Amino acid sequence: MKNVFLDFLQYEGLYKKIQITEENIEQLIEFIGGECKISVYCPECREERVFSAESFRVNLDNGYISGEVFVYNFQCELKRANFAEGNDGVKDAKGWMLENWSKSEFPITLMITLCCVMDSTHRLYYVIHAHEKYLIKIGQYPSIATLSFSELDEYKHVMNGSVRKEFGTALGLFANGVGIGAYIYLRRIFETILLKASETAIDEGKIEKKDFNEAKVIDKIKMIKDELPEAIVDNPFLYGIISKGVHELSEEECIEYFPVVKDSILLILNQWEKKRKEMETKKRLNASISKIASKVKSSGGE
């Protein structure tokens, strides 16, 4: 089941916060209890891997305990409140947890270590500060930029060095909460990718260069639809995000839009990489067949 706190851990930059509510308090209990599994690019394996919680430490003013013990103590308090286990008691139980979380001994710092299931020495570290009804992300290693930048190696054959460098800059800015700067870089990259896709369409005589250059983003995407994933072509919301002038966007809006634009770019690069691999496989297969055919012919076969 989706856990909003795991998503927060994985995708949000430093100093971002998430509110604890009646709707997600049970997910918080699972989260602190160490039931953490995320799928993320492992820089060491150089592959997408599942990472699970090896340790979850809760630092308090008077010492520290494991996340598992913290949750156990919390749940014992819940049981002592004598709530019914049936459906009628669920709402009250949530309310009790939410109220008593706010009364917990603050400050609380959560130290989280996640290990790659393929090699436990490959680790991710996170530090979360808990304050009343909010969790604030105050530390991460490797950074979001490092994790994402390593992932870009997969697309090195379809993305030139300058684009990769700008992508790394955008990821670094986003990881440090610089929304407008990060969005500007990502928008530049998206436009560069559209331009590259247009070159193929122009060479094949499908479109005219002048028409493409003068078109709006929404029309450009439609003109080169054969070079783009269907999800990009058929999603008008994306056009609005990309087309929105940077001077019109707030810092918060740029941070909100950033992951959508980033995933859109990666989706395009992923399609191009698949096509490249297919062409490479086809070329290799044709060469092998030709070699075998030559041998058969020279040996007197039909």
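Which residues does Asn24 touch, not counting residues up to four places away in sequence? In this predicted model, Asn24 touches Val4, Phe5 and Gln19, where a contact means heavy atoms within 4.5 Å. Asn24 lies in the loop between strand 1 (17–19) and helix 2 (25–32), helices (H or I, at least four residues) and strands (E, at least two) being DSSP runs numbered from the N terminus. The side chain of Asn24 reaches the backbone oxygen of Gln19 at 3.1 Å. With a relative accessible area of 8%, Asn24 is buried; buried denotes under 20% relative accessible area, exposed over 50%, and partly exposed the range in between, computed with a 1.4 Å probe on protein chains only.

Residues are numbered from 1 along each chain as its sequence is written, and side-chain values use heavy atoms, with hydrogens and water left out. Because the model is predicted, local features need pLDDT of at least 70 and side-chain atom pairs count only at pLDDT 80 or more, whereas totals for chains, interfaces and linings use all residues.

The pLDDT, which is the predictor's confidence in each residue on a scale from 0 to 100, has a mean of 80 over the chain, and 86% of the residues reach 70 or more. Confidence is lowest in helix 4 (residues 90–102), at a mean of 59, and highest in helix 8 (residues 209–214), at 90. Over residues 86–91 the pLDDT is below 50, and this stretch has two contacts in the model beyond near neighbours in sequence.

The secondary structure of the chain comes to twelve helices and seven strands, and 40% of the 302 residues count as buried. Among contacts between residues at least 6 apart in sequence, 62% join residues at least 24 apart.

In soluble globular proteins, nonpolar side chains tend to be buried together. A nonpolar core is here a set of buried Ala, Val, Leu, Ile, Met, Phe, Trp, Tyr and Cys residues joined through side-chain atoms within 4.5 Å. The largest such core has 42 residues, and those with the most contacts inside it are Phe167, Phe190, Ile221, Ile265 and Leu269. At least two residues of this core come from each of helix 6 (161–175), helix 7 (179–203), helix 9 (217–223), helix 10 (230–233), helix 11 (236–243) and helix 12 (251–298), and helix 12 gives the most, with ten residues. Phe190 touches Ile221, Ile232, Leu238, Ile242, Val261, Ser264, Ile265 and Ile268, residues up to four places away in sequence not being counted. Apart from this core lies another, of 31 residues, among them Val40, Phe56, Val58 and Val71.

Two of the contributing helices were examined for their span, the expected value being 1.5 Å times one less than the number of residues. The 15 residues of helix 6 should span 21 Å, and the end C-alpha atoms of helix 6 are 21 Å apart, which agrees. Buried residues of helix 6 include Val163, Arg164, Glu166, Phe167 and Gly168, together with Ala170, Leu171, Phe174 and Ala175. Helix 6 is followed by Gly177, whose phi is positive, near 80°. Helix 7, with 25 residues, reaches 37 Å from its first C-alpha to its last, close to the 36 Å expected, and is followed by Gly205, whose phi is positive, near 75°.

The structure holds zero disulfides, a disulfide being a pair of cysteine sulfur atoms within 2.5 Å. For Cys45, which is in no disulfide, the nearest cysteine sulfur is that of Cys42, 3.7 Å away; Cys45 is partly exposed, with a relative accessible area of 21%. The sulfur of Cys116 is 3.8 Å from the closest cysteine sulfur, in Cys45, and is therefore too far for a bond, while Cys116 is buried, with a relative accessible area of 3%.

Several backbone features occur in loops. The peptide bond from Tyr141 to Pro142 is cis, with omega near -10°, and Pro142 is placed in the loop between strand 7 (134–141) and helix 5 (144–151). Tyr15, although not a glycine, has a positive phi of about 70°; Tyr15 is found in the loop between helix 1 (4–11) and strand 1 and is exposed, with a relative accessible area of 59%. Arg46, likewise not a glycine, has a positive phi of about 60°, and is found in the loop between strand 2 (37–42) and strand 3 (47–60), where Arg46 counts as partly exposed at 47% relative accessibility.

Note on methods. Polar contact = N/O pair within 3.5 Å; in protein donor to acceptor, adjacent residues only side chain to side chain.
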